[in-house]
Amino acid sequence: MTDEDQSPINALPDEVLLYVFRTMSATEFVAILPLVCERWSRIIASDSCTLKRIGMHHANAIAAVEFFYFRDDSERSQMFHWPPDDYGRLLLRPSAAARVGYANAFYLCARYAEICGHVAALIISSGLSVYATDGYTYVDRLTTLVLHGVRVGEQDQYTLAELGTVYCNVLDVVYVKCSLAPRFDLKFLYAGFGRLRRFRTDHNAVGVRFLGDLLNAHRHTLETVVLCYCTVTGDRWIDVLSERLRGRTVNRLTMHSAYFTDRCVNRFLTSADLVLPDDRSNVVIDGNLGRISFSIDIDPLR
């Protein structure tokens, strides 16, 4: 009998131990407690209910990884539409003490693949140059990838493409408060995600070529595009959207541009190429500081 088996806490039933474990931080729950003994590892691995509520954050701190809880099962899906500041608040919640070194996290995740295999959301807020994707190739349930506050350099283009290859089951990709190098090829923001369902980018200029490539590359999978706080550059935007969205039921699209005018937006919304909801109450056209923004929704291709 091991010392762990003889300890008073191990006299408790599994369900009581699990209740205690759930009061710990997500990083302790995933990366620390399973190391104590085989019984604790087994109990945690069996708790799929809790594990499905855990996300992973590659922290701003150098070579640090932490895990966090979603408040409920629906929050992971809702995070696609969170306001930018909500991501900042989420990432400030974990304490530095709850972080583990990247090398240790890689070892723990590799050893406890059954546990970390439940992780369905990953937030990256570090430079991509230090992000080793090979450490998480087995996370086959990962469906949501968020880049928050990352300065993406020209040298990071291929790392983004690699992420799309490693996390081949990702459905939702979100870029929040990221900055891009002037010569960055925008196609790398979405390339490689073969099952991409929803795409969102904030605070970046988006050219009509990028918009056209995005809508064309994932024509049979893409359901929602959110260009929130994005400025669309180029005066062919209406032609690109009309062509690429032809035959698709439009439910959600959010953008603004100095090239938008009330007349052009209304012409786009009445295009025969588009299938718009009968209820137009969700269409918002707003003029602000000389720029017109409009919002509608996008459903899957019919």
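Reply: Contact means that heavy atoms lie within 4.5 Å. Helices (H or I, at least four residues) and strands (E, at least two) are DSSP runs, numbered from the N terminus. This is a predicted model, in which local features need pLDDT of at least 70 and side-chain atom pairs count only at pLDDT 80 or more, while totals for chains, interfaces and linings use all residues. Residues are numbered from 1 along each chain as its sequence is written, and side-chain values use heavy atoms, with hydrogens and water left out.

Me: Are H2 and H4 roughly parallel or roughly perpendicular to each other?

Reply: Asp 14, Leu 17, Leu 18 and Phe 21 of H2 meet Arg 39, Trp 40, Arg 42, Ile 43 and Ile 44 of H4. The two axes come within 10 Å and cross at roughly 75°; axes are lines fitted to C-alpha atoms, for helices over the stretch in contact, and angles run from 0 to 180 degrees between N-to-C directions. Angles under 35 degrees count as roughly parallel, over 145 as roughly antiparallel, 65 to 115 as roughly perpendicular and the rest as oblique. H2 and H4 are therefore roughly perpendicular.

Me: Which helices do the buried residues of H4 pack against?

Reply: Buried means under 20% relative accessible area, exposed over 50%, and partly exposed in between (1.4 Å probe, protein chains only). Six of the eight residues of H4 (residues 38-45) are buried, so this helix is largely enclosed by the rest of the structure. The six are Arg 39, Trp 40, Ser 41, Ile 43, Ile 44 and Ala 45. They pack against H2 (14-21), H3 (26-32), H5 (48-51) and H9 (113-116).

Me: How are the buried residues of H7 arranged, seen down its axis?

Reply: In H7 (residues 84-92), Pro 84, Tyr 87, Leu 90 and Leu 91 are buried. They fall within an arc of 120° (taken from the directions from the helix axis to the C-beta atoms), so they line one face of the helix. Arg 89 and Leu 92, on the other side, are exposed.

Me: Which residues does Thr 201 contact, leaving aside neighbours within four places in sequence?

Reply: Thr 201 is found in strand S9. Thr 201 is buried, with a relative accessible area of 1%. With those neighbours left aside, its contacts are Tyr 175, Val 206, Val 226, Leu 227, Cys 228 and Cys 230.

Me: How far apart in sequence are the parts tied together by the pair of Tyr 190 and Phe 210?

Reply: Rings of Phe, Tyr and Trp (its six-membered ring) pair if their centres lie within 6.5 Å; planes under 30 degrees apart count as stacked, over 60 as edge-to-face and the rest as tilted. Both Tyr 190 and Phe 210 are buried. Their rings form a tilted pair, 5.6 Å centre to centre with 45° between the planes. Tyr 190 lies in the loop between S8 (179-180) and S9, and Phe 210 in H11 (residues 208-217), so the parts tied together are 20 residues apart in sequence.

Me: How many disulfides does a search of the whole structure find?

Reply: A disulfide is a pair of cysteine sulfur atoms within 2.5 Å. Cys 116 is buried at a relative accessible area of 3%, and Cys 178 is buried at 4%. The number of disulfides found in the whole structure is zero.
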